[in-house]
Amino acid sequence: WDQQEGKDALELARLNEALMRVHVMCQNVKKKKIELEEEDKLDPDLDRELEHIKASCTKVEAKLVKFQQTDKKDNKAMRKRVELLYKDIKNLGEHLKTMHTTIHPHGEKWWRYRYEYAFWESLVLICILFLYLVFKGLQDLTRLAIDDLSGGTPFDGAERAQDSNKSLYHVWFVVFAAQVCIMFLISVTVWIAARCGFFEWLHATVEATNFPTPEWHHPMTPRDHRMVVQDIVMYFG
């Protein structure tokens, strides 16, 4: 019995220590939010997540006060308080995880602010539009060359008469097939660039020049650069 009481006292001491760490963390979160507001560095995304964390901290601290006021000998009441605290602490942990994974650069999320991703997205889109115009021009030149080669053949008059009777759906299908061909060529170009080490060179250049500014976040690895380009190609297609 004495051993069991000693074990329970040890577990209770560890629980109190953990709860005090949570309490200190909550106080630090509130102070940090005030500091960011005073320095005008609190953007809407971070403000929203900090408000969620602050609300969760308030709940945890209220439950902590009730837990400390509970009779330590009443095992049933203690167990109930611990369960309620566990739920609120778990909710607080989920909000902290959300802030670390959706606000701060983490894993595949290399940007901190949305305009940073929009900036790189715009640069990639400009390059893709340039490739599109190049392949579209080559396609038009190829079509004109084929028309010139096919002119004057015995089948030319029959083909022109048949073209005049084509429906609008047929024209749409031909245009759609031409666009699909161009997007396929752009995708192949991106694949060839990846195989030739273009994204490794691009990443090394961006790292060396701190483009566009040292304060801005940019893709952290060559794979991140490649994923941005592939995503924009799919969106464009």
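Okay, let's start in helix α6, where tyrosine 169 and tryptophan 172 sit three residues apart, so about one helical turn separates them. Helices here are DSSP runs of H or I with at least four residues, strands are runs of E with at least two, and both are numbered from the N terminus. Before I go on, the housekeeping: this is a predicted model, where local features need pLDDT of at least 70, side-chain atom pairs count only at pLDDT 80 or more, and totals for chains, interfaces and linings use all residues. Numbering runs from 1 along each chain as its sequence is written, and side-chain values use heavy atoms, with hydrogens and water left out.

Now the overall picture. We have eight helices and zero strands. Of the 237 residues, 24% are buried; buried is under 20% relative accessible area, exposed is over 50%, and partly exposed is in between, with a 1.4 Å probe and protein chains only. The protein exposes about 16,700 Å², and carbon and sulfur atoms supply 62% of that. Those areas are Shrake-Rupley with a 1.4 Å probe, and for residues only the protein chains shown count as cover. On contacts, meaning heavy atoms within 4.5 Å: if you take the ones between residues at least 6 apart in sequence, 69% join residues at least 24 apart.

Next, aromatics. How many aromatic pairs does a search of the whole structure find? Nine. Rings of Phe, Tyr and Trp (the six-membered ring for Trp) pair if their centres lie within 6.5 Å; planes under 30 degrees apart are stacked, over 60 edge-to-face, and the rest tilted. One of the pairs is phenylalanine 119 with tryptophan 216, edge-to-face, at 5.1 Å centre to centre and 80 degrees between the planes. That pair links distant parts of the chain: phenylalanine 119 is in helix α4, tryptophan 216 is in the loop between α7 and α8, and they're 97 residues apart. Phenylalanine 119 is partly exposed at 25% relative accessible area, and tryptophan 216 is partly exposed too, at 24%. Then there's the couple I opened with: tyrosine 169 and tryptophan 172 also pair edge-to-face, 5.7 Å centre to centre with 90 degrees between the planes. Tyrosine 169 is exposed at 64% relative accessibility, and tryptophan 172 is exposed at 52%.

As background, most residues other than glycine have a negative phi, and most peptide bonds are trans. Here, the peptide bond from phenylalanine 211 to proline 212 is cis, with omega near -5 degrees. Proline 212 lies in the loop between α7 and α8, and asparagine 210 is found in that loop as well. Asparagine 210 has a phi near 55 degrees, a positive value in a residue other than glycine. With 35% relative accessibility, asparagine 210 counts as partly exposed.

Asparagine 210 follows α7, so let's look at that helix. Which residues of α7 are buried? Phe199, His203 and Val206. Looking down the axis of α7, the buried residues fall within an arc of 65 degrees, so they line one face of the helix; the arc is taken over the directions from the helix axis to the C-beta atoms. The face turned away from that buried side carries the exposed residues Trp201, Ala208 and Thr209. And what do the buried residues of α7 pack against? That would be α4 (114–150), α6 (168–195) and α8 (222–236).

Staying with α4, valine 124 lies in that helix and is buried, at 13% relative accessible area. Leaving out residues up to four places away in sequence, valine 124 touches Val228, Val229 and Ile232. Its C-alpha atom is 9.6 Å from that of histidine 225, which is 101 residues away along the chain.

Last item, charges. Side chains of opposite charge can pair when their charged atoms come close. The whole-structure search finds one salt bridge, defined as a side-chain nitrogen of Lys or Arg within 4 Å of a carboxyl oxygen of Asp or Glu. Lysine 136 forms it with aspartate 140, with the closest N and O atoms 3.2 Å apart. Both lie in helix α4, four residues apart, about one turn. Lysine 136 is partly exposed at 24%, and aspartate 140 is partly exposed at 28%.
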